[in-house]
Amino acid sequence: MKRIIWLIVGIAVGVYAVTRLKKRAQLLAPESVQESAAKLSAAVRHFGDQVREGMAERETELRDALGIETTNDREDYR
């Protein structure tokens with residue numbers, strides 16, 4: 001009877017281990033890694049755009065507050 005219980009426990013542990021390894025292998029697959037990198041790249045790009053937009057708004061506020069005229073020959077932050 002003890003052997004049957006240990007056999008069942010061993011099978012359950014084996015199935016659990018194989019399932020976890022399959023999930024881990026899918027996460028480390030090249031497609032998954034490439035997708036994660038693309039998401040990170042898009043997030044960084046979006047953050048940079050937001051920072052540039054905020055900088056331009058703040059610069060405009062400061063120029064207005066100080067009475068400095070804006071020259072059109074300056075290049076944008078892009």
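Arg58 is partly exposed, at a relative accessible area of 46% (buried means under 20%, exposed over 50%, partly exposed in between; 1.4 Å probe, protein chains only). The model is predicted, so local features need pLDDT of at least 70 and side-chain atom pairs pLDDT 80 or more, while totals for chains, interfaces and linings use all residues. Residues are numbered from 1 along each chain as its sequence is written, and side-chain values use heavy atoms, without hydrogens and water.

The side chain of Arg58 forms a salt bridge with that of Glu61, at 3.2 Å from N to O (a side-chain nitrogen of Lys or Arg within 4 Å of a carboxyl oxygen of Asp or Glu). Both residues lie in helix 2, 3 residues apart, about one turn of the helix (helices are DSSP runs of H or I with at least four residues, and strands are runs of E with at least two, numbered from the N terminus). Glu61 is partly exposed at 44% relative accessibility.

Arg63 is bridged to Glu59, with the closest N and O atoms 3.2 Å apart; these two residues of helix 2 are 4 residues apart. Glu59 is buried, at 17% relative accessible area. Asp49 and Arg52 also meet in a salt bridge, at 2.7 Å, and are 3 residues apart in helix 2 (residues 30-66). Asp49 is partly exposed at 39%, as is Arg52 at 35%. The whole structure contains 4 salt bridges.

The chain has 2 helices and 0 strands, and 5% of its 78 residues count as buried. Helix 1 (residues 2-27) has 0 buried residues among its 26.

Terms used:
The expected span of a helix is 1.5 Å times one less than its number of residues.
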